[in-house]
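These are my notebook entries on a single protein chain. I record what I looked up, entry by entry.

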Amino acid sequence: MTGLDWLETFPELKAVHDPAWTGVAARAKSVTLPRHTPLFNGGDACRHFILVQSGAVRVYKVFENGREMVLYHIHKGECCSLTASTLLTSGKYIANAVTESEARVVLIPKNDFCDAFDRSTAFRLYVCAELSGRFHEMLLLLETLGMRNVEGRLARWLLENRSESDCVKASHRELAYELGTAREVISRHLKDFEKKGFVRLSRKYIELADVPALDERIAGSRA
């Protein structure tokens, strides 16, 4: 799909009327990608600015020992801040990205992105705001990694990603990716949480049975 229909998902960009931006927006390409489609890998040259129109994308880092760690997720109506920063520095990707579900993404070629960033103040402010927000998320991630043990990091992730009914839908492997550790480590800590009555476990489903106790695990990990 081409044209400007995709802007309905991005109200901030739809409100930008600078000719330098509207011409770029009209040339953007919206494509549908199946689940588990790689968008880029570490070391790749950056050729497009990427926005997610629907579905979800996971951005993650692969370390030398083969372990993966999730840096952030991109959901409907969000852009890839790593792509933006890589385009602005004319560098190469330092992480990987893959679709977590079928996703529709909007691709803006590098030259068009740079032109709009240079000539459209409103578009430039949008990109800078997205970079600022993601930087804040990265600081929170670093704070989490600074915790002395996986137990505290796991407790925080469960609390931050729970539903209104205090439940989390995630497998042990998915939690390992999120926290940058091994599945066996996650399983051991969850079993310990269950034994202590903090959670109740079922397949890809975790019920938080004692939220105050999990809060205490976070506080204790900072000590």
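Entry 1: terms. Before reading any helix, I noted that helices here are DSSP runs of H or I with at least four residues, numbered from the N terminus. I also noted that the model is a predicted one.

Entry 2: a pair within helix 6. I looked up Glu160 and Arg156 and found their side chains joined in a salt bridge, at 3.9 Å from N to O. The two residues are 4 apart in helix 6, so about one helical turn separates them. I then checked the cover of each partner. Glu160 counts as exposed because its relative accessibility is 59%, above the cut-off of 50%. Arg156 has 10% relative accessibility and therefore counts as buried. In general, side chains of opposite charge can pair when their charged atoms come close.

Entry 3: helix 6 as a whole. How many residues of helix 6 are buried? I found 10 of the 11, in a helix that runs over residues 150-160 and is mostly covered. The buried set includes the charged residues Glu151, Arg153 and Arg156. Among its other members I listed Val150, Leu154, Trp157, Leu158 and Leu159.

Entry 4: I followed the chain to Ser165, which lies in the loop between helix 6 and strand 9 (167-168). Ser165 counts as exposed, because its relative accessibility is 51%. I also took the C-alpha separation of Ser165 and Leu208, which is 8.7 Å for two residues 43 apart along the chain.

Entry 5: other salt bridges. My count for the protein came to 11 salt bridges. In one of them, the side chains of Arg134 and Glu78 meet at 3.9 Å, N to O. This pair links distant parts of the chain, since Arg134 is in helix 5 (residues 121-145) and Glu78 is in strand 6 (residues 78-79), 56 residues apart. Is Arg134 buried or exposed? Arg134 is buried, with a relative accessible area of 9%. Glu78 has a relative accessible area of 27% and is therefore partly exposed. I next looked up Arg183, which forms a salt bridge with Glu184, with the closest N and O atoms 3.4 Å apart. Arg183 is partly exposed, at a relative accessible area of 34%. Glu184 also counts as partly exposed, at 47% relative accessibility.

Entry 6: a charged patch. Which residues form a positive surface patch? I found Arg35, Lys169, Arg203 and Lys204. Of these I located Lys204 in the loop between strand 10 (199-202) and strand 11 (205-208). Lys204 counts as partly exposed because its relative accessibility is 44%.

Entry 7: the whole protein. I recorded 9 helices and 11 strands. The C-alpha trace spans about 60 × 35 × 30 Å along its principal axes. Buried residues make up 43% of the 223 residues. I then considered contacts between residues at least 6 apart in sequence, and 68% of these join residues at least 24 apart. For the charges, I found 31 positive and 29 negative, with mean positions 5 Å apart.

Terms used. Residues are numbered from 1 along each chain as its sequence is written. This is a predicted model: local features need pLDDT of at least 70, side-chain atom pairs count only at pLDDT 80 or more; totals for chains, interfaces and linings use all residues. Side-chain values use heavy atoms; hydrogens and water are left out. Buried means under 20% relative accessible area, exposed over 50%, partly exposed in between (1.4 Å probe, protein chains only). Patches are made of residues with over 30% relative accessible area and no salt bridge: like charges are joined within 9 Å, nonpolar side chains (Val, Leu, Ile, Met, Phe, Trp, Tyr) within 5 Å. Accessible areas come from the Shrake-Rupley method with a 1.4 Å probe; for residues, only the protein chains shown count as cover. A salt bridge is a side-chain nitrogen of Lys or Arg within 4 Å of a carboxyl oxygen of Asp or Glu. The place of a charge is taken as NZ of Lys, CZ of Arg, CG of Asp or CD of Glu. Contact means heavy atoms within 4.5 Å.
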